[in-house]
Amino acid sequence: MEREHVNTAATPNCPVTEPGVAAPIRAVVLLSGGLDSATVLAMARAEGRVCHAVSFDYGQRHRAELLAAARLAVALGAVEHRVMKIDTGGLGGSALTDNAIAVPVNATDAATGAFAAPLAEGIPVTYVPARNTVFLALALGMAEVVGATELWVGVNAVDYSGYPDCRPAFVEAFERLANLATKAGVESAMPHFRVCAPLVTLSKAGIIQAGSQLGVDYGMTVSCYQASPEGLACGQCDSCRLRREGFAAAAVADPTRYLG
Ligand code: ZN
């Protein structure tokens, strides 16, 4: 397939730092331990950002992605990695935080291994109520504390599950809020905070190609919604499916460790 043109410098509102002109820009990078956020951290580092990575322990089904995030933060050169514990499990209502709700799986053809039916339409039960709003709000507070002016987030509105808080309009709205809602924002003559979402219009294959060019080791990442404690992927949830199909479309070998 034709490679997508990837230029993170063209990310809206996130210009390249000019060497020697100004102090390095500090960024808070949301790092889940999955494929997308690892790519975003690599992109932010490639743009010269001093990166403060943050992950959230929000009652997700498994610990494997938090362990992956810690390893990725080191491997990709973040200056720190914080894990904030928050109780979105208290909300309920999501298959990712409530063990009583099953994670939907995609059946595969026994002979070919291909997925038998298209991805289901609509917002699935893996949607966590207002998750990215909650995560970005905490990242914004952290940015004020560490003196960061950018929030980097791996939301994607192409190969995704239809979550409303993964769309460009959400990113733009949160950036406006960040500048209205903070001491740093209102004391600055210019818009102080930028929300950088360099994956928002990329396909999963485009994300994988971009990260591969930056040296991301995707074998370190965990995307599965129901990974084993060792980080082995089920191969059948929507997240595994998008990832598997992304590696195939990108013509990049899939390093994911699958169960069975
Ligand atoms: Zn899975």
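**Strand pairing and helix packing in a predicted model**

Val29 stands opposite Ala53 in strand E2. The structure is a predicted model, in which local features need pLDDT of at least 70 and side-chain atom pairs count only at pLDDT 80 or more, while totals for chains, interfaces and linings use all residues. Residues are numbered from 1 along each chain as its sequence is written. Strand E1 (residues 26-30) runs parallel to E2 and is joined to it by 5 bridges; two strands pair if DSSP finds at least two bridges between them. Helices (H or I, at least four residues) and strands (E, at least two) are DSSP runs, numbered from the N terminus. Strand E2 (residues 50-57) is largely enclosed by the rest of the structure, because 6 of its 8 residues are buried (20 or more other C-beta atoms within 10 Å of the residue's own, with C-beta atoms placed from the backbone; 12 or fewer count as exposed, and values in between as partly exposed).

The axes of helix H1 (residues 35-46) and helix H6 (residues 204-213) come within 9 Å and cross at roughly 45 degrees. H1 and H6 are therefore oblique to each other (angles under 35 degrees count as roughly parallel, over 145 as roughly antiparallel, 65 to 115 as roughly perpendicular and the rest as oblique). Axes are lines fitted to C-alpha atoms, for helices over the stretch in contact, and angles run from 0 to 180 degrees between N-to-C directions. Leu35, Asp36, Ala38, Thr39 and Ala42 of H1 make the contact with Ile207, Ala210 and Gly211 of H6 (C-beta atoms, placed from the backbone, within 7 Å).

Ala251, in the segment after helix H7 (238-250), has a positive phi of about 55 degrees although it is not a glycine. Ala251 counts as exposed, because it has 11 C-beta neighbours inside 10 Å.

Conventions. Two residues are in contact if their C-beta atoms, placed from the backbone, lie within 7 Å.
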